[in-house]
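Please look at the sequence and the model together before reading on.

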Amino acid sequence: MSAKSVLLEPQHLLDPTLEHTLIVVKPDGYARGLTGEILRRIEAKGYTMKGLKLMVASHELLAEHYRDHEGKPFFAGLLDFMSSGPVVAIIVEGQRVVEGMRALMGATDPTTAAAGTIRGDLGRAWNTPHMENLVHGSDSVDSAKREIALWFPEIY
């Protein structure tokens with residue numbers, strides 16, 4: 001599957017007074033048919049989607065995305081999992097969106113994620129060597145800028 005990209009507004013029209021973050025619906029979320037529910041929750045929170053891309057991520061993209069984890073025991077399995085099927089990459093815009101999306105996603109471990117969060121309501125622990133927790137979200141404004149540039153190079 002080649003990347004299909006929909007940029008809702010050109011990058012120069014992104015509101016410079018607001019934050020932007022990268023959200024990725026992981027292969028488990030896509031395979032379970034949860035993409036629509038995840039997108040609904042983002043919109044219900046009041047955030048705006050500025051870019052949307054359905055793709056199977058390459059090992060090269062994922063290796064750069066997860067470069068901070070290189071050399072860790074789970075790195076190869078993470079790349080294999082994240083490239084195992086379609087993902088949906090999303091540019092999300094809003095005030096304090098990085099912090100807000102991290103709260104909306106919930107704790108990394110879906111078993112302990114709070115009710116009302118994406119991972120708490122929709123995720124569960126699978127007996128796999130890698131974490132299948134439905135979504136990725138940038139962990140800082142700087143990470144978001146780097147990750148958006150990786151996943152949406154056509155806007156820079």
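A residue is called buried when its relative accessible area is under 20%, exposed when it is over 50%, and partly exposed in between, with a 1.4 Å probe and protein chains only. By that scale Ser138 is buried, with a relative accessible area of 1%. The model is predicted, so that local features need pLDDT of at least 70 and side-chain atom pairs count only at pLDDT 80 or more, while totals for chains, interfaces and linings use all residues. Residues are numbered from 1 along each chain as its sequence is written, and side-chain values use heavy atoms, with hydrogens and water left out.

Ser138 lies in the loop between β5 and α7, where helices (H or I, at least four residues) and strands (E, at least two) are DSSP runs numbered from the N terminus. Its side chain makes a polar contact with the side chain of Glu147 at 2.6 Å; such a contact is a pair of N or O atoms within 3.5 Å, where within protein one must be able to donate a hydrogen and the other to accept it, and residues adjacent in sequence count only if both atoms are side-chain atoms. Leaving aside neighbours within four places in sequence, Ser138 is in contact (heavy atoms within 4.5 Å) with residues including Thr21, Leu22, Val98 and Arg102.

Strand β2 is mostly covered, as 6 of its 7 residues are buried. Its pairings are listed below, two strands being paired if DSSP finds at least two bridges between them.

| Pair | Sense | Bridges |
|---|---|---|
| β2 and β4 | antiparallel | 7 bridges |
| β2 and β5 | antiparallel | 3 bridges |

Within these pairings, His20 stands opposite Glu93 in β4, and Ile23 has Gly137 in β5 as its bridge partner.

In helix α5 (residues 97-105), Val97, Val98, Gly100, Met101, Leu104 and Met105 are buried. They lie on the same side of α5 because they cover an arc of only 165 degrees around the axis, the arc being that of the directions from the helix axis to the C-beta atoms. The buried residues of α5 pack against several elements, among them β2 (19-25), β4 (87-94) and α7 (141-151). After α5 comes Gly106, whose phi is positive, near 90 degrees.

Arg119, in helix α6, touches Met105 and Gly106, among others. A polar atom of the Arg119 side chain lies 3.2 Å from the backbone oxygen of Asn133.
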